[in-house]
Amino acid sequence: MSLLDPSAAGEHPADPLWLRLGEHGARLGKLLVSVSCTLLGLAALTFFIGRLLPIDPVVAVLGDNASQEAYQKMYHLLGLDKPLWEQFLMYLKNVAALDFGNALTTGRPVAEDIGRVFPATLELASLAAIIGTCLGIPAGVLSAMYRNTWFDHCIRFIGLLGHSAPNFWLGLMGLVLFYATLGWIGGPGRIDFIYEFDVRKVTGFYLIDTALAGNWAALGNVFSHLILPASILGLSGLSYISRMTRSFMIEQLSQEYVITARVKGLSWARSVWVHAFRNVAVQVVTVVALSYAFLLEGAVLTETVFAWPGFGRYLTNAMLAGDMNAVVGCSLLIGVIFVGLNLLCDLLYRIFDPRTRQEQS
């Protein structure tokens, strides 16, 4: 087979258009089936866990002092007198319509509550992910370049600190030092009370809403509240991203192509950033995506310490109150986030690494 033959590289220019469209359609169909089965399994898991927990949903709604007649009426209204398979089908129908019922802790629909609190967590986790990614990737690459030097030891110590120090302790110490002692940042919450009613909630992201309104004083106040919890969350992301990037880069820097590039006179920085880093970009993208997902899910303690009215705090309060409607809705959202980020990683694989496209051609 000739090296100039396009079919040797996985290309099939002679295939008719309908055949290539059919192949793409088949791959898309497999993807949709895989995602549907994953979400169906997640919905089944949350449903049956909710049924196995020793929490009576009727008592959770009516309280312990409800009469027997009221209990039976609510039992029938919730569909608990129906067979389990029929309850599960009703549950799937409601989930497909984004109807998770009403939250016991707030009395409002769970979907409405999630829409209200999730932007706060998304804003916090997004800034934390930006901090962790923008600092973690260069730190990991430089740590691999200058392996076993003082810089490498400092980065590894910071990574160890980010993994071992609890977020709630770092948050408390940060509030004591930067808020109570130095007065450099805002305190708990998303915004000071004097600016609370000046912000018109268009997107739910206070940084964006205050910027759209041109209220720069409120924007500065929002940022002063956001920077410390985002930095603490970003530290855990930075430690994970830098450690994994360092590991990937050390493996690449020992490869022959890097040594050959150096022998040919290419600078050390160009050999690392242009050639070696490009070969680990796909792996780094996966690490960043997973880190972002864990930041969205794992902001519970940080939100509690900083009185941040976000998704993690809402889920914690729902679990403590035995509010299964809210817990199930939040669990499904977390699962959808992980599935979506995995799909995004697959798409980025195809963009950064052409070999994945050739293998599936």
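The legends below describe close-up views of a predicted model. Residues are numbered from 1 along each chain as its sequence is written, and side-chain values use heavy atoms, with hydrogens and water left out. In this predicted model, local features need pLDDT of at least 70 and side-chain atom pairs count only at pLDDT 80 or more, while totals for chains, interfaces and linings use all residues.

**View 1. Lining of the second largest cavity.** A cavity is a set of points on a 1 Å grid over the protein atoms alone where a 1.4 Å probe fits but cannot get out, and lining residues have an atom within 4 Å of a point. Two cavities of 30 Å³ or more are counted. By class, six lining residues are nonpolar, four are polar and none is charged. Here Ala, Val, Leu, Ile, Met, Phe, Trp, Tyr, Cys and Pro count as nonpolar, Asp, Glu, Lys and Arg as charged, and the others, Gly among them, as polar.

View 2. Glu123 counts as buried because its relative accessibility is 8% (buried is under 20% relative accessible area, exposed over 50%, partly exposed in between; 1.4 Å probe, protein chains only). Beyond its neighbours within four places in sequence, Glu123 is in contact (heavy atoms within 4.5 Å) with Arg190, Phe205, Tyr206, Leu207, Ile208 and Leu226.

**View 3. Helix α14, residues 311-321.** Phe311, Gly312, Tyr314, Leu315 and Ala318 are the buried residues of α14. Seen down the helix axis, these buried residues fall within an arc of 160°, so they line one face of α14; the arc is that of the directions from the helix axis to the C-beta atoms. Asn317 also lies in α14 and is partly exposed, with a relative accessible area of 42%. Between Asn317 and Thr105 the C-alpha to C-alpha distance is 7.9 Å, although they are 212 residues apart in sequence. Just after α14, Gly322 takes a positive phi of about 70°.

Terms used
1 Å grid on protein atoms, 1.4 Å probe; cavity = no way out; pocket = protein on both sides within 12 Å on 5 of 7 lines; lining within 4 Å. Points joined across faces, edges and corners; volume = space filled by probe spheres on them. Helix = DSSP H or I, 4+ residues; strand = E, 2+ residues; numbered from the N terminus.
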